[in-house]
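Morning, everyone. Please look at the model on the screen, and we'll start with a pair of helices.

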Amino acid sequence: MQEYWELYIKTIDGHLASVLVNAGISVELPSEDKYYVGFIKLKMKAPNDKGLISEDEEAQLSFIEDKIEMESLRYRIGSYVGKIVSNGEMTFIYYLKHNFEWPDAVKAAMKEFSDYDYEYGSKMDSDWEIYHKLLFPTPIEWQIIQNHKVCDHLKTQGDSLHLNRAIEHKAYFETGEQRDAFITQIESEGFSMKHLIDPTEKTPMMGVSFYRQDKPFYYDIDSLTLHLIDLTVRFNGAYDGWETSVVKM
């Protein structure tokens with residue numbers, strides 16, 4: 001199983017949630033031998049005011065997480081695929097080869113933590129719906145993840161993120177007519193076209209590179225890219241991300 005973990009924030013049932021997911025396994029699905037999903041829902045003792053992990057409890061919760069993983073490996077029962085922290089609770093999610101030993105693995109892991117309230121269970125999920133619909137990021141969530149990675153990298157280079165600079169974007173379309181209509185729209189919003197991108201064997205769609213003076217600060221770039229995603233979808237296209245240069249004070 002490939003290991004490629006992503007951590008991101010979303011809203012679940014009206015509550016802020018921190019989601020950790022092993023996105024690397026998505027290329028291996030559907031699984032040939034793991035048909036059950038198992039969970040352990042743990043009530044945290046000292047969540048912060050947003051219902052997420054506090055600094056005071058972080059080390060202990062990490063220790064519990066490691067203990068559960070150790071017991072799952074000892075029982076050779078399945079694979080840890082993610083966790084959700086929300087509303088004062090932490091839920092660990094596993095996909096299992098079988099579920100009859102899941103209670104034994106859970107009890108072995110949690111016997112050292114009798115001061116924590118928890119519940120557990122399992123069910124058939126051969127299509128991995130829990131993974132796809134609850135853990136795995138949507139296209140918009142993926143874009144926000146990538147936005148923040150670029151922002152974090154810019155900050156490590158000494159960029160304050162608050163200064164306007166040219167931010168270049170790319171978008172792709174099935175037809176030239178769709179691309180032309182999109183260009184007309186973005187030019188009306190103050191963007192300038194940099195160049196057209198011809199189809200290739202690797203990327204058969206017709207692309208366009210365009211730019212505008214904007215701030216790459218987290219919330220600003222999220223708002224901008226989500227608008228561009230909506231705009232490209234309106235013209236039957238696909239947004240393909242952004243890049244910019246480092247600007248220091």
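The axes of α1 and α2 come within 8 Å and cross at roughly 140 degrees. Axes here are lines fitted to C-alpha atoms, for helices over the stretch in contact, with angles from 0 to 180 degrees between N-to-C directions. That makes α1 and α2 oblique, because under 35 degrees counts as roughly parallel, over 145 as roughly antiparallel, 65 to 115 as roughly perpendicular, and the rest as oblique. Who makes the contact? On α1: I64, K67, I68, E71, R74 and Y75; on α2: D104, A105, A108, A109 and M110. Contact means heavy atoms within 4.5 Å.

A word on the source. This is a predicted model, where local features need pLDDT of at least 70, side-chain atom pairs count only at pLDDT 80 or more, and totals for chains, interfaces and linings use all residues. Residues are numbered from 1 along each chain as its sequence is written, and side-chain values use heavy atoms, leaving out hydrogens and water.

Now α2 itself, residues 102–110. Its buried residues are W102, A105, V106, A108, A109 and M110. Buried means under 20% relative accessible area, exposed over 50%, partly exposed in between, with a 1.4 Å probe and protein chains only. They pack against β3, α1, β5 and β6. Helices (H or I, at least four residues) and strands (E, at least two) are DSSP runs, numbered from the N terminus.

Next, E168. E168 sits in strand β7. Buried or exposed? E168 is buried, at 12%. E168 also touches K194, H195 and W242, among others.

Last, H153. H153 lies in helix α4 and is partly exposed, at 48%.

How values were computed
Lists of a residue's contacts leave out its neighbours within four places in sequence.
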